[in-house]
Structures are given as structure tokens and as C-alpha cells.
Amino acid sequence: MIRPAQERLFGVIGRPVAHSLSPVMMNRAFDALGIACRYLAMEITDPTHDIPLLGAVGFEGLSVTVPYKEEVLTVATQVEDDAVQIGAANTLKRTGSSWTAKNTDWIGVVQALRGTMQTTYPEMFSPMGEVLPHHSKRALVIGAGGAARAVCFALRSMGIHTTIANRTLEKAEALCERFHCDLMPLDHLSQADASWHLVIHTTSVGMEGSHNHTIVPPQILGPGVIAMDVVYTPHWTPFLTAAKERGCEIIHGSAMLLAQGVAQLEWWLGMRAPIETMQEALEEALKRRYGAL
Ligand code: ATR
């Protein structure tokens, strides 16, 4: 067993991870807290082999990103209820030689949504800021991959009735069954109108390096609709750009990145994360990459 002597070790594992903004955000948080920790981005190819190795080297906590969020469930000896229900984990915490898996992506979605929803739909919330039952708000989720699963779990926790639209119907059906949502084939969206309070885009279309267009028809977007993208590269995805032009309230993917990271750090360290510092670090990194936000 190796124990790092000067700094506690944390990191993100995935493939690819070179462009991850998590190291900037997490290392700035550790500095602000004044604790000697280092957070690295590590590309791995074999979670079953590589995660125990990272544990033996002394890593205490790992963020997990694409494509390993499902596979890490088989490496963990304990899996928290949220990760079981979502069927994926984005966080690992080590105790001795065993790992516990948790999902903080859904917490990221809830936290990213909360502020804008409180402003746009105050009737949804109690004076204490709790989501009230029977608020009858409706969401449309576009996509049925791993990101959509965390989004659907989050929406269910807020009592928001959800419709899933996806290109491949079987994948949407499985998700609808799991999270009690309604189903809509993606090509039927072009006949729909702006009747959803919230539209969340979860597909990879519009991500940097992929198609520079959106599969979301403009007529479902308009004033009073909150539009959120889980993609944070680029900051202004084609979907969010179109939504802004149509007068929607906008929630960027970086808001979810920030909030899931805050929840990770608090789970690893058992202390409050310096949210404003982490947000500043993210915004600076996004500005360096994309210019003005
Ligand atoms: P992630 O885990 O990041 O969500 P994923 O599991 O590969 O990634 O899911 C990708 C999602 O993007 C899926 O919903 C996929 O639709 P299919 O289920 O039909 O494959 C959607 N997607 C990707 N490219 C798409 C495209 N060109 N048009 C429509 N949907 C697309």
C-alpha cells in the first residue's frame, strides 16, 4: 500500500479526459479550503484493472466520466441507492481497499434547475424553498442515453411530469418504464408546440467536434420555457443559442458540472465546498476557451 505523503489524491477517470474542466474547478476548491489535495485527469482503458491500482497508489476519490459510468458499478463493493436507481455512477470514494459508488449527476441537475425554476415558477416552491407536491409542471427530455437517466431521476425527485423524445424508440421505452415517463418519437416533435415548462437536451448533437446544429424544433421553445443543455462544450450549444433567440430562460451545462462537482467534493471530504470559488474557476476556464460567455 502506498500513501501519498504531501498531498491527498483525487482525480477524474474516463476516455478521453484531456479537455475536462474538473481539474481546474477541484484544484481551486482545494486551494481555497487550504487542504493539501491534488486532482488529476487520467485516461484509463480498463476500469476493473485500473481502479484498484489507483486505490493502491493512494487515490481517495474519483470522478467517473464517459464511457465508464455504468461499468464502475461492477468495480464498487457498495453502491448508493441513487446510483442503483439511475444504473450509473459518476463518483467513487475509497475506504481501505474497497470503493463505494454514488451518483451526483442528478444532484447537479436539481441544483442547476432550482434557481431558475424558483424565479420562473415560484408557485412550485414552499417559502422554505422546498418543491411542493401537485405543482403540475411538465418537462421534455430529448435523448435516452446515460445523461438522460440522471436527468429523469432528478425530475422525478422534483415531482415534474416528464416526456422523453428519442431517435431510437426502444431506448426511450426502457427509460419511460424505469422512471414512469411518457414517450414521444423524436420525429413527432416537429408537430408539437411550446407546451412544456422545461426542455432538457441530453444528446451529444451540438457538442464540440460533432454536428453544429440542433435536433430540437424551434416551435417548442418560447418565452416562459426553461431550456437546459447537459453539454458544456461549447458554452453556447446550438440548442441554447436557438432557445435564447426564441426568448427562453437558459441553463448552461456548466451549471450542472459545477453542482455535481460540489456534491462530489462534499461527499469525499465531509465539509462544505467553496461554491463561488469553484464557479469562478469554471467561468475563467470557459472564457479562456470560448471568449466572452
Ligand atoms: P450519454 O451517456 O452521454 O447520454 P449515450 O448513452 O451514447 O451518451 O446517448 C446518446 C444520446 O444521444 C442517445 O439518446 C442518442 O439517440 P439514440 O438512442 O437514438 O442513439 C442521441 N443521439 C446521438 N446522436 C444523435 C443524432 N444524430 N440524432 C438524434 N439523437 C442522437
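A residue is called buried when its relative accessible area is under 20%, exposed when it is over 50%, and partly exposed in between, with a 1.4 Å probe and protein chains only. By this definition, 52% of the 293 residues in the protein chain are buried. The structure is a predicted model, in which local features need pLDDT of at least 70, side-chain atom pairs count only at pLDDT 80 or more, and totals for chains, interfaces and linings use all residues. Residues are numbered from 1 along each chain as its sequence is written, and side-chain values use heavy atoms, with hydrogens and water left out.

We may begin with the chain as a whole. The protein chain has 10 helices and 12 strands, where helices (H or I, at least four residues) and strands (E, at least two) are DSSP runs numbered from the N terminus. Its radius of gyration is 19 Å, in agreement with the value near 19 Å that a compact globule of 293 residues would have; the radius is taken over C-alpha atoms, and the globule rule is 2.2 Å times the number of residues to the power 0.38. Along the principal axes, the C-alpha trace of the protein chain spans about 60 × 45 × 40 Å. Among contacts in the protein chain with a separation of 6 or more, 63% are between residues 24 or more positions apart, a contact being heavy atoms within 4.5 Å.

The surface and the charges complete this overview. The accessible surface of the protein chain comes to about 13500 Å², and 52% of it belongs to carbon and sulfur atoms; the areas come from the Shrake-Rupley method with a 1.4 Å probe, and for residues only the protein chains shown count as cover. The protein chain carries 23 positive and 29 negative charges, whose mean positions are 3 Å apart. Here Lys and Arg count as positive and Asp and Glu as negative, while His and the chain ends are not counted. Each charge is placed at NZ of Lys, CZ of Arg, CG of Asp or CD of Glu.

Two buried asparagines are worth a visit. N103 sits in the loop between β6 (98-102) and α5 (105-120), and N103 counts as buried because its relative accessibility is 1%. A polar atom of the N103 side chain lies 2.8 Å from the backbone nitrogen of D105, which is a polar contact (a pair of N or O atoms within 3.5 Å; within protein, one must be able to donate a hydrogen and the other to accept it, and residues adjacent in sequence count only if both atoms are side-chain atoms). Beyond residues up to four places away in sequence, N103 touches D82, A83, I86, A88, A89, N90 and A150. N166, in turn, belongs to strand β8 (residues 161-166) and is buried, with a relative accessible area of 10%. With neighbours within four places in sequence left aside, N166 is in contact with G143, A144, K171, A172, M184, P185 and L186.

S157 lies in helix α6 (residues 146-157) and is partly exposed, at a relative accessible area of 44%. Not counting residues up to four places away in sequence, S157 touches W106 and V110. From S157 to R288, 131 residues apart along the chain, the C-alpha separation is 35 Å. T45 is placed in the loop between β2 (37-43) and α2 (47-57) and is exposed, with a relative accessible area of 59%. Its contacts, leaving aside neighbours within four places in sequence, are R15, D50 and Y68. T45 and H213 are 168 residues apart in sequence, and their C-alpha atoms are 31 Å apart in space.

The backbone also deserves a look. Most residues other than glycine have a negative phi, and most peptide bonds are trans. A cis peptide bond, with omega about 5°, joins R15 and P16, and P16 is in the loop between β1 (8-14) and α1 (22-33). The bond from T233 to P234 is likewise cis, with omega near 5°; P234 is found in the loop between β11 (226-229) and α8 (238-245). H134, although not a glycine, has a positive phi of about 60°. H134 is in the loop between α5 and β7 (138-142) and counts as exposed at 81% relative accessibility. H180, again not a glycine, has a positive phi of about 55°. The loop between α7 (169-179) and β9 (182-185) holds H180, which is exposed at 55% relative accessibility.
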